[in-house]
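Hi everyone, thanks for coming.

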Amino acid sequence: MNVKTPAPLAAAPVTTHRPSRAEAEAAVRTLLLWAGDDPDREGLVDTPARVVRAYEEFFAGYDTDPVEMLARTFEETDGYDEMVLLRDIRLESHCEHHMVPIIGRAHVAYLPHKRVVGISKLARVVEAYAKRLQIQEKLTAQIANTINEVLQPKGVAVVIEAAHQCMTTRGIHKPGVSMVTSRMLGAFRDDPTTRREFLAMISMGGTAARVADEA
Ligand SMILES: [Zn+2]
């Protein structure tokens with residue numbers, strides 16, 4: 001086992017002023033008033049506190065360091081150099097334009113080069129970036145880039161398929177539409193056979209075929 005400390009390339013952003021819990025709750029109360037309701041009625045009295053607690057969950061990623069999560073790697077792999085794939089990782093994020101949910105799934109693969117990482121760590125990296133305000137393109141790139149830079153594998157592939165509630169419950173109102181993004185690095189970008197193998201393994205039917213065409 002090898003514990004490596006890479007450069008802090010993807011640390012959480014520094015906020016200049018973090019308001020107090022009371023200030024955050026007051027802001028929610030303002031939004032309740034803005035919506036046209038009475039924040040003092042029985043059903044809403046505890047809502048600001050609940051919303052602020054929910055925000056702590058939704059945006060827990062700001063207090064995590066994805067680089068550190070991947071820092072502990074294993075070199076005793078008996079020469080294993082085939083693809084490692086974590087498929088169908090549940091993804092819960094929030095759109096940075098409307099602050100409403102992005103719900104979907106992520107597939108993350110890499111081709112090890114000497115070092116592997118505990119498989120749950122891949123899911124944790126997805127979560128660390130998902131639990132922030134995001135756009136799906138950036139989220140996809142951040143996950144792939146961080147794995148690539150910390151593990152330095154022969155290649156990384158990330159595919160995310162997600163529905164954006166800012167499209168389904170407001171604005172254009174198109175339920176059932178999902179957005180697919182992918183980022184292929186190293187062998188997944190350069191070697192069509194490796195990319196095809198990955199897409200076959202995630203077996204997303206039409207999605208996989210579309211990503212193959214776009215890659
Ligand atoms: Zn949005």
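**A walk through the fold**

Let's start with a helix pair: α1 and α2 cross in the right-handed sense. Before I go on, the ground rules. This is a predicted model, where local features need pLDDT of at least 70 and side-chain atom pairs count only at pLDDT 80 or more, while totals for chains, interfaces and linings use all residues. Residues are numbered from 1 along each chain as its sequence is written.

Back to that pair. Helix α1 covers residues 21–35 and helix α2 residues 47–58, and their axes come within 8 Å and cross at roughly 115°. The axes are lines fitted to C-alpha atoms, for helices over the stretch in contact, and angles run from 0 to 180 degrees between N-to-C directions. Helices here are DSSP runs of H or I with at least four residues, strands are runs of E with at least two, and both are numbered from the N terminus.

Who makes the contact? On the α1 side we have R21, A24, E25, V28, R29 and L32, and on the α2 side T47, P48, A49, V51 and V52. Contact means C-beta atoms, placed from the backbone, within 7 Å. The residues of this contact split into seven nonpolar, one polar and three charged. For those classes, Ala, Val, Leu, Ile, Met, Phe, Trp, Tyr, Cys and Pro are nonpolar, Asp, Glu, Lys and Arg are charged, and the others, Gly among them, are polar.

Now zoom out a moment. The chain has nine helices and eight strands. Of its 215 residues, 30% count as buried, meaning that 20 or more other C-beta atoms lie within 10 Å of the residue's own; 12 or fewer is exposed, in between is partly exposed, and C-beta atoms are placed from the backbone. Among contacts with a separation of 6 or more, 71% join residues 24 or more positions apart.

On to the sheet. In what order do the five strands of the open sheet run? The order is β6-β3-β4-β7-β8, with mixed pairing. Two strands pair if DSSP finds at least two bridges between them. At the edges stand β6 (133–134) and β8, each with a single partner strand, so one side of each has no neighbour in the sheet.

β3 and β6 run parallel and are joined by two bridges, with H94 opposite L133 of β6. Next, β3 and β4 pair antiparallel over nine bridges; L86 has V108 in β4 as its bridge partner. These two strands form a hairpin with five residues between them, and M99 in the turn has a positive phi of about 60°.

Then β4 (residues 101–111) pairs with β7 in the antiparallel sense, over ten bridges, and I103 is partnered by A163 in β7. Is β7 itself mostly covered or uncovered? Mostly covered: nine of the ten residues in β7 (155–164) are buried. Finally, β7 and β8 (residues 179–186) pair antiparallel over eight bridges, and A157 finds its partner in M184 of β8.

D88, in strand β3 (residues 84–95), has a positive phi of about 60° although it is not a glycine. D88 counts as exposed because there are 11 C-beta neighbours inside 10 Å. Q152, also not a glycine, has a positive phi of about 45° and sits in the loop between α5 and β7. With 17 other C-beta atoms within 10 Å, Q152 is partly exposed.

Helix α4 (residues 119–130) and helix α5 (residues 136–151) have axes that come within 10 Å and cross at roughly 140°. That makes α4 oblique to α5: under 35 degrees is roughly parallel, over 145 roughly antiparallel, 65 to 115 roughly perpendicular, and the rest oblique. The crossing of α4 and α5 is right-handed. V125, V126, Y129 and A130 of α4 meet L139, Q142, I143, T146 and I147 of α5. This contact has seven nonpolar residues, two polar and no charged.

How values were computed: A crossing is left-handed if the near helix is turned anticlockwise from the far one by less than a right angle, and right-handed if clockwise. Two residues are in contact if their C-beta atoms, placed from the backbone, lie within 7 Å.
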